[in-house]
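These are my notes from looking through one structure. I went from helices to loops and then to charged pairs.

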Amino acid sequence: MNIVSKSPSAPERPAARRAIVAAIIFIVAHVVLLLGITAPDKLYFDEVHYVPAARQMLLPVREGPILNPMHPPLAKEIIALSIKAFGDVPLGWRYPAALFGALALVGVYLGGLALFASQQRAIAAVLLAFFNQMLFVQSRIAMLDIFALAFGLFAIAAFVHGFRQPRPQSAFALAGLFAGLATACKWSGLFVLATCIAIVAVILLMQGWRTRFADANAEDWYRPELWPDFRVPHVIVCFVLIPAAVYLATFVPLYGLSFTDIMEAQRRILADNTTAAIAGHTYMSSWPSWPFLVRPVWYLFEKVGDDRFAAIVFLGNPLVLWPALIALIIALRDWIVGRSRDAFLVLAFYLGPYLAWALLPRTLGFIYYYLPAATTASFVLVYALTRKGAPRWLLWTFVAVGCAGFVAMLPVTAAVIETSMATFNRLMLFQGWI
């Protein structure tokens, strides 16, 4: 009997390579983000809100009112599981943040592949997302934002993949699932879901109006033949029922199957997130200022020796995020003038999570709310740096410059490295950064 070995088909080889690259990104990022994560060895900044809430979840019988009821429970449940596994110590508090920071970078990679169909461009997007500093800092503190970001990035990757398919139902359902998980960590996760719904609504409305471009081409962001079998019932299932079911399920470990208690929890979250807050916080800033990195948040700054300080600032890498504003203008021009589908998608998932903050009645804001938009800005940068006519070396030169800025700022983004006043003064270019 002759046995003929069959070589892997063409679609299988790229899939295997992508899986290997995704695994490498996860492992490397996971290790890097864990380095020195236990410094400081005490709760700092908003950890004082979320770690006690996670501890309470581990009690056999809850004592007193539920702590931190103004946010959904999923991220705190994950922190609680980590405390149970690693102990009530800094590693136990912060390990999930590093884990989800690494997953967020995998989400960037998958989103880059879905957008650009290019390994190099996807990897460049991952590096830029890491070097923007925001993801790095937020992946080393027990707060909720990194969890919502990771799930949101997977939702974006699934949605963009589905956007390009004639039958997007499965991908859109997956996007809805991840968006529901993001919302179950923090309500700002709704912004990704709202962006997906807005895109689908615009496409379906234009199709209903039988809109056509006179000189249509395959790269248009809108085409009348897009998703021929995708209808309103699919929209409801993918972007309403699935996210809602996933979101509400995360309340069951905390409230049981009591519908009344779960609905009361939603009322409390809504009240806390829509009431105009009193201004006056030291590090508060308004949403128009975030892309310009006007006012950072100092998570930690304390003396640890003679002219030695442990410092953690949530600021962002100016060498990455300031040029991103120019890239946004380029993408906006390409969308309006050239009807570019890629420009449309990168703009949507930058502007959606960012401009949503302008619609909220809260007066108290912080630059770390900009984390999702700053992360998806890596897609905008890759788009602008690799558009037709750009020199091939430009992208990787820019990545190298971003890396240099990231390394230069490490003394004030990783407490384990420590800094001196001379270094601090050299890095703080503006009075508003102090």
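Before checking a helix, I noted that its expected span is 1.5 Å times one less than its number of residues. I also noted that the model I am reading is predicted.

**Entry 1: helix 5**

I applied that rule to helix 5, residues 119-131. With 13 residues the helix should span 18 Å, and its end C-alpha atoms are 18 Å apart, so the two values agree. Next I looked at what comes before and after. Ser118 caps the N-terminal end of helix 5, with a side-chain oxygen 3.5 Å from the backbone nitrogen of Gln120. Just after the helix, Gln133 takes a positive phi of about 75 degrees. I then looked up the buried residues of helix 5, and among them are Arg121, Val126, Leu128, Phe130 and Phe131.

**Entry 2: the annotated range**

I checked the UniProt record, an unreviewed entry, which lists residues 93-252 as "domain: ArnT-like N-terminal". Over residues 93-252 the chain is 72% helix and 0% strand. The end C-alpha atoms of this range are 22 Å apart.

I found a nonpolar patch on the surface, formed by Ile20, Ile24, Ile27, Val28, Val31, Val32 and Leu35. Together these residues have about 630 Å² of accessible area. Where is Leu35 found? I located Leu35 in the loop between helix 1 (12-34) and helix 2 (47-57). Leu35 has 54% relative accessibility, and exposed means over 50%, so Leu35 counts as exposed. Pro40 is found in the loop between helix 1 and helix 2 as well. The peptide bond from Ala39 to Pro40 is cis, with omega near 0 degrees.

**Entry 3: two positive phi values**

I looked at Arg210 and Trp227 in turn. Arg210 is in the loop between helix 9 (190-208) and helix 10 (232-249), and Trp227 lies in the loop between helix 9 and helix 10 too. Phi of Arg210 is near 60 degrees, while Trp227 has a positive phi of about 50 degrees although it is not a glycine. Is each one buried or exposed? Arg210 is exposed, with a relative accessible area of 74%, whereas Trp227 is buried, at 1%.

**Entry 4: salt bridges**

I reminded myself that side chains of opposite charge can pair when their charged atoms come close. A search of the whole structure finds 15 salt bridges.

I looked up the one between Arg164 and Asp342, at 2.6 Å from N to O. Arg164 lies in the loop between helix 7 (145-163) and helix 8 (169-185) and Asp342 in helix 14 (residues 341-355), so the pair ties together parts that are 178 residues apart in sequence. Arg164 is partly exposed at 25% relative accessibility, and Asp342 is buried at 15%.

I then checked Arg268 and Asp272, whose side chains meet in a salt bridge of 2.8 Å. Both lie in helix 12, 4 residues apart, about one turn of the helix. Arg267 is in helix 12 (residues 259-274) as well, and its side chain makes a polar contact with the side chain of Glu264 at 2.8 Å.

For Asp334 and Arg333 I noted a salt bridge of 3.2 Å. Asp334 is buried at 6%, but Arg333 is partly exposed at 48%.

Last, I noted that Asp215, Asp220 and Arg339 are linked in a network of salt bridges.

Methods: Residues are numbered from 1 along each chain as its sequence is written. This is a predicted model: local features need pLDDT of at least 70, side-chain atom pairs count only at pLDDT 80 or more; totals for chains, interfaces and linings use all residues. Side-chain values use heavy atoms; hydrogens and water are left out. UniProt positions are given in the numbering used here, feature names are shortened, and annotations may be inferred rather than shown by experiment. Patches are made of residues with over 30% relative accessible area and no salt bridge: like charges are joined within 9 Å, nonpolar side chains (Val, Leu, Ile, Met, Phe, Trp, Tyr) within 5 Å. Accessible areas come from the Shrake-Rupley method with a 1.4 Å probe; for residues, only the protein chains shown count as cover. A salt bridge is a side-chain nitrogen of Lys or Arg within 4 Å of a carboxyl oxygen of Asp or Glu. Buried means under 20% relative accessible area, exposed over 50%, partly exposed in between (1.4 Å probe, protein chains only). A polar contact is a pair of N or O atoms within 3.5 Å; within protein, one must be able to donate a hydrogen and the other to accept it, and residues adjacent in sequence count only if both atoms are side-chain atoms.
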